[in-house]
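Open the model in your viewer and keep the selection panel at hand. We will go from stop to stop.

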Number of protein chains: 2
Amino acid sequence: MGQSLDDLLRAAAADPRVIGFAGGLPCPALFPRRPLTAAFLRALQARDVPALQYAWPEGFASLRQQIAARLARRGAAVDPDEIIVTSGAQQAITIAAQLVLRRGGAIGVDPETYPSALDAFRTLHLVPTTSAQTHVLYRMPAVSNPAGATMGEAERRATLERARFVIEDDAYGDLRFAGEPQPPLLASSRARVLYVGTFSKTLGPGLRVGFLIVPPRLHTRALRRKTDDDLQTNSLSQAIVQEYLATNDFDAFVRKLRGHYRRRAERLMTALRRDLPGWSFTPPSGGFGVWVAADRRVDEAAFLRRSVAAGVSFDPGSRFLAEPGARDRPTSFRLCFSAVPEASIEEGVRRLARAWTAAGRARSARRNGRR
Amino acid sequence: MGQSLDDLLRAAAADPRVIGFAGGLPCPALFPRRPLTAAFLRALQARDVPALQYAWPEGFASLRQQIAARLARRGAAVDPDEIIVTSGAQQAITIAAQLVLRRGGAIGVDPETYPSALDAFRTLHLVPTTSAQTHVLYRMPAVSNPAGATMGEAERRATLERARFVIEDDAYGDLRFAGEPQPPLLASSRARVLYVGTFSKTLGPGLRVGFLIVPPRLHTRALRRKTDDDLQTNSLSQAIVQEYLATNDFDAFVRKLRGHYRRRAERLMTALRRDLPGWSFTPPSGGFGVWVAADRRVDEAAFLRRSVAAGVSFDPGSRFLAEPGARDRPTSFRLCFSAVPEASIEEGVRRLARAWTAAGRARSARRNGRR
């Protein structure tokens, strides 16, 4: 076919007939449009309109105070002046990595992890590895991506003991389905943890408002990097998020989101158990997707093409592999329930199951042909 | 005093009693608040709210079409798919520099140029130089910063002949005071020019919407860098700018801005000629500031402190120097007229003149004391 996986996924994303388990997008119906609009209107009324003007590189002071207050409620004591507002979590991750590693340095990651972090590490000439010998780690302790796993207490302790630095990506930290939000690793160590947070999964990724907190001795360098990269995070979104947080019960909103996403996750898992009983997964503790392992190895690209033709998409598992050579395991996929209309989840799984059966039949036919 | 120049300028910027010739900020009263609000409201009505959702790294398609159409009117033929929307011009500059230079590489710049570009080049371990032997140049042909100069035809030709690559920073290209907008260098060479544009100086820097166009063979690498840096430029501002451009006469608005800023520039120059006749400057062809050379050398930091105490601020000239060692010239300053209320320009210059006279008296006193 010649079409790259990327092109295929783009075409699928643009096609309303395709039920999209790909992409890790939040549900657009859950964006708090009305309160964000009210926040925008207030921001645009402000004298001298800071929402449209240049701002200092570290970000809006009141926004940083609100972020510090939220972290304090989770047990992490951070001075607002230690927070740098970033253009999403991605920028925070790339700045963090450059602060604690040089070209050629190894960065310890989970066997499956966030693809855009892997891409950025590789562009920076860093080497993602699952080896236990590395001293700089990239981890998502609250809710990992793609597995949706939460680190247990022993692993948290071991991580902090072992690592000289941990880049803690807490992108999904607000979206654990059950229990109170855990303290971030940051609460246990300011000297070793470079903390990455974001409003992307809750208020909307299009705002591109994330934040970075680094060990105090690295702060000046972090801020310099941020300034060199893009001067400052966009003022408009900062003003909106700041106004939103000042006048809404964000925690109540987040609790509502958790319920929504948990319900979708359960619906997806129920459908998978019924229609694809050979596939296995560990129920995620939060986040936007379920990481599934199929019951046989298949050509991932061919299966994605077949699935898209059948009207369903997913994220190919190879993108999440830290060491893409490690192919001695079943084919895996990430199925995101987050942005699919709830009522379409079952139909999406049925289409997947049909594509899977057809792929199996095609394989048998090829084998028979070979005899 | 111990206070850094940075801290001093921050304090001055926050003090409403200080008339601010520092910073290079657009005038907040000229932000098109009402049409931007209308654009926001329309964007938030859109199905699935792309303004709040993730978007592809290259940016919104309709925005890129509008950018291409504007460039076409200035003589540069660019396919919308060759445009990458960036988080302001700053990100475009840093991406461009990394595409065409390696660590330790020399980048040819004007003797005085945009400080944040110099900072970024240095962080990237590049070496800004005014030497004529360099083959990658950073230039602002339409309106330079801080000098406000426009390249003549001979210099444009020589630049393109000499350079293997030119990073063309057209940040102030829309804001030439007189004459039709010139064709960018990009119009003369797609193979050598990396073009940087922005809406910061017109619609508002807080939006952080810039753009980058690179030679086609570098496009994939540029887009990869952009993705690794921050995934995408914020969707909200893209949606607003796109809506704004689709429903407003942006060129008419830009013409209005030119008139406003030209009038302020003239007012500032008239006041300078009257109250500081020893200072010299070349009238800028556009932009936000006047680059002045004083009639004697002074301690820049001490004079800035004295000026702020007298209720006026400016940008210290040393920040703009490509080779800060080159001190064999009079003290220079950038005086930005852009964000000062028009009626305050004369008073600002009077305060500057008083501080200058006082600095001269203090120097004489010190000299006499030394005898």
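The tour covers a sheet, the chain pair and a helix crossing.

This is a predicted model: local features need pLDDT of at least 70, side-chain atom pairs count only at pLDDT 80 or more, and totals for chains, interfaces and linings use all residues. Residues are numbered from 1 along each chain as its sequence is written, while chains are lettered from A and ligands numbered from 1 in the order in which they are written.

**Stop 1: the sheet in chain A**

Select S9, S10, S13 and S12 of chain A. They form an open sheet of four strands in that order, with antiparallel pairing. Strands are DSSP runs of E, at least two residues, and helices are runs of H or I, at least four residues, numbered from the N terminus. Two strands pair if DSSP finds at least two bridges between them.

Now go to the edges. S9 (280-281) and S12 (315-316) of chain A each have a single partner strand, so one side of each is left without a neighbour in the sheet. S12(A) is joined by two bridges to S13 (residues 332-336) of chain A. Zoom in on A:Pro316: A:Phe333 in S13(A) stands opposite.

Contact requires C-beta atoms, placed from the backbone, within 7 Å. Axes are lines fitted to C-alpha atoms, for helices over the stretch in contact, and angles run from 0 to 180 degrees between N-to-C directions.

**Stop 2: the two chains**

Show both chains. A rotation of 180° with 0.0 Å of shift along its axis superposes chain B on chain A (RMSD 0.0 Å). That is the relation of a two-fold axis.

Next, select the interface. In it, 39 residues of chain B are in contact with 39 residues of chain A. Which helix gives the most to the side of chain B that touches chain A? H7(B) does, with six residues.

**Stop 3: H2 and H8 in chain B**

Select H2(B) and H8(B). They pack at an angle of about 115°, with their axes 8 Å apart. That makes H2(B) roughly perpendicular to H8(B), a class that spans 65 to 115 degrees. Contact residues include B:Leu36 and B:Phe40 of H2(B), and B:Ile240 and B:Tyr244 of H8(B).

Terms used:
Least-squares fit on C-alpha atoms with pLDDT ≥ 70 in both. Contact = placed C-beta atoms within 7 Å. Parallel < 35°, antiparallel > 145°, perpendicular 65-115°, else oblique.
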